Amino acid sequence: MFAVERSRSIAELFASDSDRVDNLTLRMGDLVVDLSKNLVDDRAIAALLRVASEARVEAAIERLLDGSIVNLTEQRAAGHASLRRPEHLRSSVNGVDVTADVNEVLERMRSFVADVHSGRRVGSTGRRLTTVVNLGIGGSDLGPAMAYEALRSCRVAGVECRFVSNVDPADLASNLVDLDPAETLFVVASKTFTTAETLANARAAREWVIAALGERATAAHFVAVSTNLEAVRAFGIADDEMFPFWDWVGGRYSLSSAIGLSLMLGIGADAFDQMRAGMHAIDEAVRSTPASANAAVMMALIGIWNRNVLGLPTKAVLPYSHDLRRFPAYLQQLDMESNGKTVRVDGTRAPYETGPIVWGEPGTNSQHAFMQLVHQGTTVVPVDFIGFAEPSSAAENTGDPDDSRHRTLFLNMLAQSRALAFGRSLNEISDGPFAEHRVFDGARPSTVIVARRLTPSVLGQLVALYEHVVHVQGVIWGINSFDQFGVELGKEMAVQLASSDDAHRGSDPSTHSLLRWFHGSALGSDGG
Ligand code: F6P
């Protein structure tokens, strides 16, 4: 892919270019993206921009945002940009005008949310619905759950949201333990409405409601978000209690669709709309900004450099924001389910590495856990730091002029990025025992993304920024970022193992042995 030599150390790169920070600090919407502490020089950037141009990245962005069929293996558009376009603008997906459909669902969501908040929509006994439990997994959980934490400062009083995803009964049980069924609303969120985990939890939740309130109560306590009307009906949820979306919305790209219903219930329609507006602002900025000044394209290109030239297998995303603590988990699905692929769109195997392993935790906690390895380990880990000038909410200021915790948080982020880039040589360490253990090589790349405050709009901007990074990388790697066949085999095998006693006999010896052990050990088993 490249015929460019490996770059010099980050310290040398700064020493040789006094404009480096200015040149490599890009603005997009309210986000400021400092790329200067990455291991790229002018020649590397020129080579990367040539790669983007040869891959026709700009045209690919245009096709994505225009609603063309970009998910070639499933012959679908990836039309998530239509979900956040201002309502007066026309959106089309695969040539079909979807403006009215998108606006109508948004309006239904707003009206439902207003009814729950005002108490017009109540539970079966007439009590207000004070807890929303979202039952969904993957894209039907991670986005809304992440955003609900991130936008804590926007939460509507009187309604609490919980997110249950795991088929492990502990997840649902621990979330229901202190709830009153009469005041609980379940949002069953599943694009396909066939996902085993979600349906199993929905059935268990229904039993919980029936046990307390009777069979007829369920209608008042369940709504659905899905593309599959028939399956929702079969579950027993009426058509007018289902909020639809469409097969051209990928699960991991569905935050601004009806999948955001629980989030909208939790933070209100205005904040939800501000988040959508932030996403749209980035869509338009990515569309209209030339590659070299385009934060999404440049982040994607530097990611390609790290992966394909420097050979770095992972990437850490470290928000210096407690409210963004679920952002790395959200990004894991966005990035790894999109670009964790070996076969390219043309059916050939990629002769180079594709999507990195994405992981992370918020700072400063990460500093007291895994940052040792990131600073001194034998594996170099590129890092995206994300931080804010102000705390999420004014209420966080205790009023004590000596309360410098937010400042401490931000300065720690800068210190980490600086230490990674510039390290500390043996010469800089005063004599003493074990001096070599205190050497930091430096030259470890990082990107710093900052904004004034984590508002709904800024969260939407961050989400859209990363969506475009992932898309651009997929285009360059020649892979389809919008399918996920890699999740199928395990699902099929789980069904197979559950289906009959005979099925596991044909399985491999290890599975067979573990299954026998499980049957022998499970509570209530006859030991057979
Ligand atoms: O198994 C992976 C996946 O299909 C994701 O792509 C999706 O976000 C998740 O499962 C949940 O799917 P659904 O919304 O159809 O229940």
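**Pockets, cavities and a helix pair**

The largest pocket has a volume of about 980 Å³. This is a predicted model, where local features need pLDDT of at least 70, side-chain atom pairs count only at pLDDT 80 or more, and totals for chains, interfaces and linings use all residues. Residues are numbered from 1 along each chain as its sequence is written, and side-chain values use heavy atoms, without hydrogens or water.

Me: What makes a space a pocket, and what makes it a cavity?
Reply: On a 1 Å grid over the protein atoms alone, a cavity is a set of points where a 1.4 Å probe fits but cannot get out, while a pocket is an open set with protein on both sides within 12 Å along at least five of seven lines. Lining residues have an atom within 4 Å of a point.

Me: Why does the largest pocket lie between domain 1 and domain 2?
Reply: Because domain 1 (80-272) and domain 2 (486-522) both give residues to its lining. Those bounds come from an automatic or database domain assignment.

Me: Why are helix 12 and helix 17 called oblique?
Reply: They pack at an angle of about 40 degrees. Under 35 counts as roughly parallel, over 145 as roughly antiparallel, 65 to 115 as roughly perpendicular, and the rest as oblique. Helix 12 and helix 17 are therefore oblique to each other.

Me: How many cavities of 30 Å³ or more does a search of the whole structure find?
Reply: Four. About 200 Å³ of space lies in the largest cavity.

Conventions:
Points joined across faces, edges and corners; volume = space filled by probe spheres on them. Axes fitted to C-alpha atoms, helices over the stretch in contact; angles between N-to-C directions. Helix = DSSP H or I, 4+ residues; strand = E, 2+ residues; numbered from the N terminus.
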